Amino acid sequence: MDWPRFGRVTLKPFSAGLSEAEWKGLYETFRDPEVAEWNGSSPLRSPFWLFKRFVQAETRRKDRLAFAILDERGEYLGTVELYDLTPEEATLGILIGRKDRWGQGYGTEAVRAVLDYAFRTLGLKRVRLRTFAHNLRARRAFQKAGFREVGLGPGPQGKEDVYMEVRREDFDPQA
């Protein structure tokens, strides 16, 4: 199992199959109203079996790579993905579903692990993302992982988004 790692986290590819506990953690992440709010969406209302079928179909897409974020004990923390994937760039999305782990650096470590994979293994030149301008915790975590802010724009529900990116030549995997 040569999965992406950084610090305390390991990224388990969805393509490797998720355990029942990991599936339940993922499902609860998307059902949580507070997590949904930070993600600019509504809490999931689909039944578990339908959610699982949808996620499995999404993981077969060629323009998307999804990973479960596992902590140092191998327990599910959240998910990180690269989507809109081309040979040169991708968009990053991350959700830490375990709210008891928020603010402890796990998100930054997961982002560093996926960026190292994106640049070294996939050979991408750029990874971008967008987050709510008022989500200062996420913005700081992304900056710690190497992202820089490149613009502002309208977001969902009348909120403002911050656009961020990191280029391969600017990424330091050891930082």
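This is a predicted model: local features need pLDDT of at least 70, side-chain atom pairs count only at pLDDT 80 or more; totals for chains, interfaces and linings use all residues.

Residues are numbered from 1 along each chain as its sequence is written, and side-chain values use heavy atoms, with hydrogens and water left out. Helices (H or I, at least four residues) and strands (E, at least two) are DSSP runs, numbered from the N terminus.

**The sheet**

- The 8 strands form an open sheet with mixed pairing, in the order E1-E2-E3-E4-E5-E6-E8-E7; two strands pair if DSSP finds at least two bridges between them.
- At the edges sit strand E1 (5-6) and strand E7 (148-154), each pairing on one side only.

**Around strand E6**

- Strand E6 (residues 126-132) is mostly covered, with 5 of its 7 residues buried; buried means under 20% relative accessible area, exposed over 50%, and partly exposed in between (1.4 Å probe, protein chains only).
- Strand E5 (residues 89-96) runs parallel to E6, and 3 bridges join them.
- To get from E5 to E6 the chain passes through helix H4 (residues 106-121), a β-α-β crossover that is right-handed; that is, with the strands pointing away from the viewer, the path from the first strand over the helix to the second runs clockwise.
- With strand E8 (residues 160-167), E6 pairs in the antiparallel sense over 7 bridges; here Arg-128 stands opposite Glu-165.

**Nonpolar cores**

- A nonpolar core is a set of buried Ala, Val, Leu, Ile, Met, Phe, Trp, Tyr and Cys residues joined through side-chain atoms within 4.5 Å.
- The largest one has 32 residues, and those with the most contacts inside it are Ile-69, Leu-92, Ile-94, Leu-115, Val-127, Phe-142 and Phe-147.
- Elements giving two or more residues to this core include strand E2 (9-13), E5, E6 and helix H5 (136-144).
- H4 gives the most to this core, with 8 residues.
- A second, separate core of 12 residues includes Trp-23, Leu-26, Ala-68 and Tyr-76.

**Helix H3**

- Helix H3 (residues 48-59) has 12 residues and reaches 17 Å from its first C-alpha to its last, close to the 16 Å expected at 1.5 Å a residue; the expected span is 1.5 Å times one less than the number of residues.
- Its buried residues are Phe-48, Phe-51, Lys-52, Val-55 and Glu-58.
- Seen down the axis of H3, these fall within an arc of 125°, so they line one face of the helix; the arc is that of the directions from the helix axis to the C-beta atoms.
- Turned away from the buried side of H3 are the exposed residues Trp-49, Arg-53 and Phe-54.
- Helix H1 (20-31) and strand E3 are among what covers the buried residues of H3.

**Two loop residues**

- Asp-84 is found in the loop between E4 and E5, and has a positive phi of about 50° although it is not a glycine.
- Most residues other than glycine have a negative phi.
- Asp-84 is partly exposed, with a relative accessible area of 39%.
- Glu-75 lies in the loop between E3 and E4 and, at 34% relative accessibility, counts as partly exposed.
- Not counting residues up to four places away in sequence, Glu-75 touches Ile-69, Leu-70, Arg-98 and Arg-101; contact means heavy atoms within 4.5 Å.
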